[in-house]
Amino acid sequence: MLERIEKLQVISLGLLIALGLIISTQMVASSLSKNVISVTGSAYEIVKSDSGTLNFDIVVKRPNKQDAYTAVQSQIKIVEKYLQAKNITNVEKKTVNGYFTYKRDFNGAYTNTPEAYNLSQPMSISSNNVELIKEISNDITSLINQGVDINVYAPSYDYSKLPELKVSLLEKASNDAKNRAASMLKATHNSVGKIQSVRMGVYQITPVNSTDVSDMGINDTSSIDKKVTAVANLSFKIK
């Protein structure tokens with residue numbers, strides 16, 4: 001009986017000690033949180049893309065491979081002549097894709113008899129003149145009138161100095177966070193102390209008038225003019 005009582009006493013003592021540690025930890029954490037202020041700062045800049053890329057395909061359908069290849073080569077010449085007139089010399093021809101389509105029988109099932117050969121020639125152009133890329137993206141489909149079977153995709157625009165800009169904006173966002181903290185503490189007659197923690201948020205690269213945000217960040221390539229926003233989360237000691 002005495003041994004059981006002693007065991008219960010030991011267990012109870014252990015529980016009290018553990019509970020005391022939890023309570024004391026919470027008290028310390030609560031005390032620290034009262035002496036620390038966490039603030040989010042932000043900064044943005046409007047930039048203009050300095051390079052653009054346009055992808056498009058020449059797609060033909062002919063009775064056989066040879067006819068399809070001949071048709072593609074003929075249409076490439078028309079496209080290249082058009083681009084040269086626009087002062088575009090950086091033209092990339094990518095890997096050609098081709099496949100047969102097959103005839104169907106009376107029941108609608110495919111047979112082993114080829115009906116036609118489909119050939120696609122992907123091409124790409126790029127330039128530092130983003131306005132020219134935009135102009136071509138809107139106009140190149142006019143080559144359909146010259147017999148060119150062309151599919152054009154949306155152009156993409158990039159800003160080459162983005163890495164340097166990100167560093168600059170992060171510094172400005174950190175300063176903004178400090179200023180916000182100072183304004184909040186001014187009313188309580190306190191001031192901002194040493195930084196306790198810094199966490200960089202994701203960057204939002206969006207069209208200028210967009211209000212879209214994402215937890216994963218946004219990297220818009222559809223617009224020439226972009227808004228680059230940086231966010232920084234900082235915690236300061238309260239003095």
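**Close-up 1. K226 and D220, two buried residues joined by a salt bridge.** K226 is buried, and D220 is likewise buried, where buried stands for under 20% relative accessible area, exposed for over 50% and partly exposed for the range in between, computed with a 1.4 Å probe and the protein chains only. The side chains of K226 and D220 meet in a salt bridge with an N to O distance of 3.8 Å, the term being used for a side-chain nitrogen of Lys or Arg within 4 Å of a carboxyl oxygen of Asp or Glu. The model is predicted, so that local features need pLDDT of at least 70 and side-chain atom pairs count only at pLDDT 80 or more, whereas totals for chains, interfaces and linings use all residues. Residues are numbered from 1 along each chain as its sequence is written, and side-chain values use heavy atoms, with hydrogens and water left out.

**Overview of the chain, as context for the close-ups.** The chain has 4 helices and 11 strands; helices (H or I, at least four residues) and strands (E, at least two) are DSSP runs, numbered from the N terminus. Of its 239 residues, 30% count as buried. Among the contacts with a separation of 6 or more, 75% are made by residues 24 or more positions apart, a contact being heavy atoms within 4.5 Å. The chain exposes about 15700 Å², of which carbon and sulfur atoms supply 54%; accessible areas come from the Shrake-Rupley method with a 1.4 Å probe, and for residues only the protein chains shown count as cover.

**Close-up 2. The salt bridge between K48 and E131.** A search of the whole structure finds 5 salt bridges, and in the one between K48 and E131 the closest N and O atoms are 3.6 Å apart. This pair links distant parts of the chain, with K48 in strand β1 and E131 in helix α3 (residues 130–139), 83 residues apart. K48 counts as partly exposed because its relative accessibility is 44%, and E131, with a relative accessible area of 40%, is partly exposed as well.

Close-up 3. Although S42 and D176 stand 134 residues apart along the chain, their C-alpha atoms are separated by 6.3 Å. D176 in turn forms a salt bridge with R180, the closest N and O atoms being 2.7 Å apart; D176 and R180 are separated by about one helical turn because they are 4 residues apart in helix α4. R180 counts as partly exposed, at 40% relative accessibility.

**Close-up 4. The aromatic cluster of F100, Y102 and Y117.** Rings of Phe, Tyr and Trp (its six-membered ring) pair if their centres lie within 6.5 Å, with planes under 30 degrees apart counted as stacked, over 60 as edge-to-face and the rest as tilted. By this rule the structure holds 2 aromatic pairs. F100 and Y102 form a tilted pair, 6.3 Å centre to centre with 50° between the planes, whereas F100 and Y117 form an edge-to-face pair at 4.8 Å centre to centre and 70° between the planes. The latter pair links distant parts of the chain, since F100 belongs to strand β4 (residues 97–104) and Y117 to strand β5 (residues 110–127), 17 residues apart. F100 is partly exposed at 32% relative accessible area, Y102 is partly exposed at 35%, and Y117 counts as buried at 10%.

**Close-up 5. Two charges placed over tyrosine rings.** The charged end of R104 sits over the ring of Y110, 4.0 Å from its centre, and K166 lies over the face of Y203, at 5.1 Å from the ring centre. Such an arrangement is counted if NZ of Lys or CZ of Arg is within 6 Å of the ring centre and within 35 degrees of the ring normal.

**Close-up 6. N87 and H189, two loop residues with positive phi.** N87, in the loop between α2 (65–85) and β3 (91–93), has a phi near 65°, a positive value in a residue other than glycine. H189, in the loop between α4 (162–186) and β8 (192–200), has a phi near 60°, also positive in a residue other than glycine. N87 counts as exposed at 66% relative accessibility, and H189 is exposed with a relative accessible area of 75%.
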